[in-house]
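Subject: Structure handover and notes

Dear colleague,

Please find below the structure that I promised to pass on to you. I would be grateful if you could read the notes with the model open beside them.

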Amino acid sequence: MHQVDKQKAKKLYQAILSLKTEEECAAFFDDAFTVQETEAVAQRVEVACLLSAGKSYVDINKLTGASTATICRVSRCIQYGSGGYKTVIERIGDGT
């Protein structure tokens with residue numbers, strides 16, 4: 001499996017942390033990512049929020065169009081991952 005270059009990733013994280021407004025973040029994402037990449041990450045965050053709210057896989061699929069594979073992967077990350085989704089959900093709410 002391919003590993004992320006830690007120095008390159010660090011610059012990306014610093015770039016994101018330097019953004020101060022939602023508008024700045026949107027502009028950066030528009031420049032840095034394809035529409036599909038931004039949509040994929042946004043969908044995963046939405047799935048994480050819905051899982052946190054107790055929604056079923058079937059409901060999440062209907063609401064987001066996310067595949068069961070994506071929903072399952074996000075669920076595993078919430079349960080066994082590094083805690084990133086949990087931190088985001090705590091800070092922005094579960095979206096319900």
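What follows is a description of the fold, the helix packing and the pockets.

This is a predicted model, in which local features need pLDDT of at least 70 and side-chain atom pairs count only at pLDDT 80 or more, while totals for chains, interfaces and linings use all residues. Residues are numbered from 1 along each chain as its sequence is written, and side-chain values use heavy atoms, with hydrogens and water left out.

The protein has six helices and zero strands, where helices (H or I, at least four residues) and strands (E, at least two) are DSSP runs numbered from the N terminus. Along its principal axes, the C-alpha trace spans about 35 × 35 × 25 Å.

For the packing, axes are lines fitted to C-alpha atoms, for helices over the stretch in contact, and angles run from 0 to 180 degrees between N-to-C directions. Angles under 35 degrees count as roughly parallel, over 145 as roughly antiparallel, 65 to 115 as roughly perpendicular and the rest as oblique. Contact means heavy atoms within 4.5 Å. A crossing is left-handed if the near helix is turned anticlockwise from the far one by less than a right angle, and right-handed if clockwise. In the residue classes, Ala, Val, Leu, Ile, Met, Phe, Trp, Tyr, Cys and Pro count as nonpolar, Asp, Glu, Lys and Arg as charged, and the others, Gly among them, as polar.

The axes of helix 3 and helix 4 come within 10 Å and cross at roughly 145 degrees, and this crossing is right-handed. On the helix 3 side the contact involves Gln 43, Glu 46, Val 47, Leu 50 and Leu 51, which meet Tyr 57, Ile 60, Leu 63 and Thr 64 in helix 4. By class, these residues are six nonpolar, two polar and one charged.

Helix 4 (residues 57-64) also packs with helix 5, their axes coming within 10 Å and crossing at roughly 120 degrees, so the two are oblique to each other. Their crossing is right-handed. Here Tyr 57, Ile 60 and Asn 61 of helix 4 meet Ile 71, Cys 72 and Ser 75 of helix 5, a contact with four nonpolar, two polar and no charged residues.

Helix 3 and helix 6 have axes 10 Å apart and pack at an angle of about 75 degrees, and are therefore roughly perpendicular to each other. Arg 44, Val 45, Ala 48, Cys 49 and Ser 52 of helix 3 make this contact with Tyr 85, Ile 89 and Ile 92 of helix 6.

Turning to the pockets, the search used a 1 Å grid over the protein atoms alone, and a pocket is an open set of points where a 1.4 Å probe fits, with protein on both sides within 12 Å along at least five of seven lines, its lining residues having an atom within 4 Å of a point. Grid points are joined across faces, edges and corners, and a volume is the space filled by probe spheres set on the points.

The largest pocket holds about 1200 Å³ of space. Its lining has 22 residues, with Val 41, Val 45, Gly 84, Tyr 85 and Val 88 nearest its centre. Helix 6 supplies the largest share of that lining, six residues, and by class the lining has 12 nonpolar, six polar and four charged residues.

The second largest pocket, of about 160 Å³, is lined by Cys 25, Ala 26, Phe 29, Thr 38, Val 41 and Ala 42. Five of these count as nonpolar, one as polar and none as charged.

With best wishes
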